[in-house]
Amino acid sequence: MPEIYQEVMKGTTTVGLVFDEGIVLATEKRATMGNLIASKKAKKVYQIADRIGMTTAGGVGDAQSLARLMQVECSLYSVRHGKPISVGAAATLLSNYLQQNRYYPYYVQLLVGGVDRKGPSVYSVDALGGASKEDEIVSTGSGSPMAYGVLEDRYHPNMPESEAAELATRALKAAMRRDSASGEDISVVVITKDKYEERALAVTQKNPELTQ
């Protein structure tokens with residue numbers, strides 16, 4: 001794997017977990033270029049369909065390009081087929097696109113999660129197009145080992161929405177304490193069959209609270 005690829009893929013922490021009625025996707029907002037904090041307000045989670053979100057880790061330009069592509073492709077799917085794209089189909093579509101570009105890869109690691117007629121699900125998609133459905137929890141990026149420590153310890157099936165959102169933020173905070181490439185505030189997206197809701201947690205402020 002080229003050295004530049006390893007360098008780009010180091011930063012960021014993203015988290016996805018399944019709860020009883022939906023999905024929580026969460027990211028922190030720090031973007032780095034080597035030792036430089038390039039941005040404290042980087043957007044790392046995108047809505048690509050009515051009930052599907054995508055988190056991004058890796059190169060910012062590549063991630064933004066793929067987010068725009070998936071938003072268009074998911075809309076086209078709905079128009080052509082007369083129904084919303086499923087989470088699995090969106091992950092497969094993204095996987096196929098990345099696989100077609102494997103010789104000039106996008107420097108990204110992605111999570112695609114949402115709710116469709118089969119219920120909530122989340123997929124991990126790598127830069128070469130590998131897509132894996134995750135049953136319960138998943139984390140990507142340089143802070144993922146610390147995030148997994150919290151998720152593995154506290155996750156349980158069928159947890160309610162509030163507990164799932166709290167666990168996602170707790171996992172990100174654990175990563176931000178030990179990973180220099182992860183930091184600043186947190187974005188939390190909750191997806192159920194009835195809503196796509198993005199909240200912000202101002203960790204850099206005293207007494208932070210989740211707000212819409």
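Start by selecting Lys195, which is partly exposed because its relative accessible area is 25%; buried means under 20% relative accessible area, exposed over 50% and partly exposed in between, with a 1.4 Å probe and protein chains only. Salt bridges with shared partners join Lys195 to Glu161, Glu197 and Arg199 in one network. A salt bridge here is a side-chain nitrogen of Lys or Arg within 4 Å of a carboxyl oxygen of Asp or Glu.

Before going further, some ground rules. This is a predicted model, in which local features need pLDDT of at least 70 and side-chain atom pairs count only at pLDDT 80 or more, while totals for chains, interfaces and linings use all residues. Residues are numbered from 1 along each chain as its sequence is written, and side-chain values use heavy atoms, with hydrogens and water left out.

**The salt-bridge network**

Is Glu197 buried or exposed? Glu197 is buried, with a relative accessible area of 15%. Arg199 counts as buried too, at 15% relative accessibility.

How many salt bridges are there by this rule? The count comes to nine.

**Lys44 and Glu28**

Next, select Lys44 and Glu28. They form a salt bridge in which the closest N and O atoms are 2.9 Å apart. The pair links distant parts of the chain, 16 residues apart: Lys44 is in the loop between strand S4 (36-39) and strand S5 (45-49), and Glu28 is in strand S2 (residues 22-28). Helices (H or I, at least four residues) and strands (E, at least two) are DSSP runs, numbered from the N terminus. Lys44 is buried, with a relative accessible area of 5%, and Glu28 is buried at 0%.

**Thr12**

An unreviewed UniProt entry places the feature "active site" at Thr12. UniProt positions are given in the numbering used here, feature names are shortened, and annotations may be inferred rather than shown by experiment.

Thr12 is in the loop between helix H1 (3-8) and strand S1 (13-18), and counts as buried at 7% relative accessibility. Leaving aside neighbours within four places in sequence, the residues in contact with Thr12 include Glu28, Arg30, Lys44, Ala57, Ser142 and Ala181. Contact means heavy atoms within 4.5 Å.

Move to Ala181, in the loop between H5 and S11. Ala181 is buried, with a relative accessible area of 12%. Beyond four places in sequence, its contacts include Gly11, Thr12, Glu28 and Arg30.

Glu184 is found in the loop between H5 and strand S11 (186-192). Glu184 has a positive phi of about 70° although it is not a glycine. Most residues other than glycine have a negative phi. Glu184 counts as buried, at 12% relative accessibility.

**Asn158**

Select Asn158, in the loop between helix H4 (144-154) and helix H5 (161-178). Asn158 is not a glycine, yet has a positive phi of about 65°. Asn158 is exposed, with a relative accessible area of 60%.

**Helix H2**

Select residues 60-81, which make up helix H2. H2 has 22 residues and reaches 31 Å from its first C-alpha to its last, close to the 32 Å expected at 1.5 Å a residue; the expected span is 1.5 Å times one less than the number of residues.

Which residues of H2 are buried? Ala63, Leu66, Ala67, Met70 and Cys74 are. They cover an arc of only 105° around the axis, which puts them on the same side of H2; the arc is that of the directions from the helix axis to the C-beta atoms. The buried residues of H2 pack against S5, strand S6 (52-58), helix H3 (87-100) and strand S7 (108-116). On the other side of H2, Arg68, Val79 and Arg80 are exposed. Just after H2, Gly82 takes a positive phi of about 70°.

**Confidence**

Last, colour the chain by pLDDT, the predictor's confidence in each residue, from 0 to 100. The mean pLDDT of the chain is 88, and 91% of its residues reach 70 or more. Over residues 1-9, pLDDT stays under 50. Where pLDDT is low, the predicted coordinates should not be read in detail.
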